Amino acid sequence: MFVQGASVLDGNKSTVDALNVFPVPDGDTGTNMSLTMNGAAKEVKEVRINTIDYIVEAIANGSLMGARGNSGVILSQLFRGFAKVCKGKEVLTIVDLADAFKSASDTAYKAVMKPIEGTILTVARVIGEKAIELSKEEMYIDEFLYQLIEYGEQVLNKTPEMLAVLKEAGVVDAGGKGLIFIFNGFYEAITGKEVIIEEPTIVDLEKVEGEDIKDITFGYCTEFIIKGDHVNIEKFKEKIGGYGDCMLVVGDETLVKVHIHTNHPGIVLEEGLKLGELTRLKIDNMRQQHENKVFEDVNEENNTEIKEFGMIAVTMGEGLTDIFKDLNVDEIITGGQTMNPSTEDIKNAIDRINAKHIFVLPNNGNIILAANQAKELSHKDITVIPTKTVPQGITAILAYNEDLNIEENTEVMTEAFQNVKTGQITYSVRDTQFNDITIKEGDILGIADGKITVVGSNIEDEAYKLLEGMVTEDDEIVTIFYGEDRTEDQAQALAERIEKIYEDIDVEVYYGGQPLYYYIFSIE
């Protein structure tokens, strides 16, 4: 059931991704849920003692460590609650399953600080409640699951009435839709559909670690972005899938992020070139990295000094990574929009830092839950500063003072990032209506602190309009981080336009190198 649930979700993750409320190119709910499920499915496949206890433990642990994004973390909590009821049982009756589905919902609700109705939580809750009701009747398990799915879909279709943003965007809740796909997989397995157990798509954003060189089958970690027209992602995945493992291909028809471990990076790049222009090429020799890592570990054993504070930040883009390095961040996790790091990725970064206290800056609202989950799994003293954007993260770090204690630093860092305004310039991936604004696919979007406020056709003009609406007389500094698709000259020209209007404001320009977002603005 579980493996087929993962398989059905994986086959439909692009459908779930497309339900993103914002029409921006970072809809990743389906991808995050699928990666979470696949991580757990891998654990299930490795179970050698085929009992309920071992299987549900593998599901709970695998989904917990593999959880990516808020939807993945919630999904992992659902399976944690499910496993809690199943443990100790030799068989599962309808009554047991009903109790487990109800426990799943209860556990997930408790894990979220402010549960919102009209989301995956609602769909999970009504399925749990319906399961308890149906368990009082005599029926076969296939009929039981069929009725749960039918009822869950009815409630899913009502989620736009529960959340105004869903109604305005004309979509149902993405997480709820993903959960229904999982239940469809459960039903297929129960009714005898052949379950194809394949190697799941697992993405490890960390470098190869703790492996023997002879165990590294595919030696080159290959990453790039394809910019093209009408890219068929599924066909491309089929083309390159046989050349390696740890494959991730995400995006849309015009912009595709590719990650694969392979022995033939040239062939993979050639396949990408057939579809469009390649940018952000990065090829790492993992065997060489392993040798360097072993050498570093030997040296580190001789230097066991524990420092007072450590710092972890999540970001994406060469320039932004360099900025965080310059700010003395100990561990920088590659991730952000479209590629959220897992709970395990964050915990591994925590484990590598030799400090009494560690600050984690997620720099993305969809990574905060995973960061908090990693904190709970660690024995170290961790504080998650809940930054939702890169400008917030940079400002929080700048506010850090090594002379202050944990509580004082937490307070000043939190206060600092809350006073930052973040602007972003990107493009629309579909036609939609948002806040009474008509948006067409391909439109340039200006986002002010999470709200679309500017829509147009010219990147620089819309960037200027966005800043014009965000900057006030009280502001002192505007920082422009230009992405991989902009040049320094374009960013400087934009800065000069701002300086002519706001003579008393300092405008600084930095290369961010971030994908998908042409500009990120920090306003203080």
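Leaving aside its neighbours within four places in sequence, which residues is Q392 in contact with? The legends below start there; the model is predicted.

**View 1. Q392 and its contacts.** Once neighbours within four places in sequence are set aside, Q392 touches P386, T387, F417, V420 and T422. You'll find Q392 in helix α18, which covers residues 390-399. Its relative accessibility is 12%, so Q392 counts as buried.

**View 2. The whole protein chain, for orientation.** Zooming out for a moment, the protein chain has 21 helices and 16 strands. Of its 524 residues, 54% are buried. The accessible surface is about 24,300 Å², with 47% of that belonging to carbon and sulfur atoms. Take the contacts between residues at least 6 apart in sequence, and 71% of them join residues at least 24 apart.

**View 3. D10 meets S34 and N38.** D10 sits in helix α1 (residues 2-11). Apart from neighbours within four places in sequence, its contacts are S34 and N38. D10 and S34 are 24 residues apart along the chain, yet their C-alpha atoms are separated by 5.3 Å. Is D10 buried or partly exposed? With 23% relative accessibility, D10 is partly exposed, since the buried class stops under 20%.

**View 4. Two asparagines with positive phi.** N328 isn't a glycine, but its phi is positive at about 65°. N328 belongs to the loop between α15 (318-326) and β6 (331-334), and with a relative accessible area of 63% N328 is exposed. N363 also has a positive phi, near 60°, without being a glycine. N363 is in the loop between β7 (355-361) and α17 (368-377). Here the relative accessible area is 6%, so N363 is buried.

**View 5. The salt bridge between D330 and K307.** The closest N and O atoms of D330 and K307 are 2.3 Å apart. D330 is in the loop between α15 and β6, while K307 is in strand β5 (residues 307-315), so this pair ties together parts 23 residues apart in sequence. Both partners are partly exposed: D330 has 30% relative accessibility, and K307 has a relative accessible area of 35%.

**View 6. Salt bridges within helices.** Side chains of opposite charge can pair when their charged atoms come close. In helix α7 (residues 120-134), K130 and E133 are 3 residues apart, about one turn of the helix. Their salt bridge has its closest N and O atoms 3.4 Å apart. K130 is buried at 17% relative accessible area, whereas E133 is partly exposed at 44%. Over in helix α16 (residues 343-352), D351 and K347 are 4 residues apart, which means about one helical turn between them. Their side chains form a salt bridge of 3.0 Å, N to O. D351 is partly exposed at 37%, but K347 is buried at 19%.

**View 7. A salt-bridge network.** E117, R125 and E129 are linked by salt bridges into a network. How many salt bridges does the count come to? The tally is 19.

**View 8. A patch of negative charge.** On the surface, E473, D474, E476, E496, E499, D506, E508 and E524 gather into a negative patch. Both α21 (488-501) and β15 (506-511) supply at least two of its residues. As for E524, look in the segment after β16 (519-523). E524 is partly exposed, with 34% relative accessibility.

Terms used:
Residues numbered from 1 in each chain as written. Predicted model: local features only at pLDDT ≥ 70, side-chain atom pairs only at ≥ 80, totals over all residues. Heavy atoms only, no water. Buried < 20%, exposed > 50% of the residue type's maximum accessible area, 1.4 Å probe, protein only. Patch = residues over 30% accessible without salt bridge, like charges linked within 9 Å, V, L, I, M, F, W, Y side chains within 5 Å. Areas by Shrake-Rupley, 256 points an atom, 1.4 Å probe, with all protein chains shown as cover. Salt bridge = Lys/Arg side-chain N within 4 Å of Asp/Glu carboxyl O. Lys, Arg positive; Asp, Glu negative; His and termini not counted. Charge placed at Lys NZ, Arg CZ, Asp CG, Glu CD. Contact = heavy atoms within 4.5 Å.
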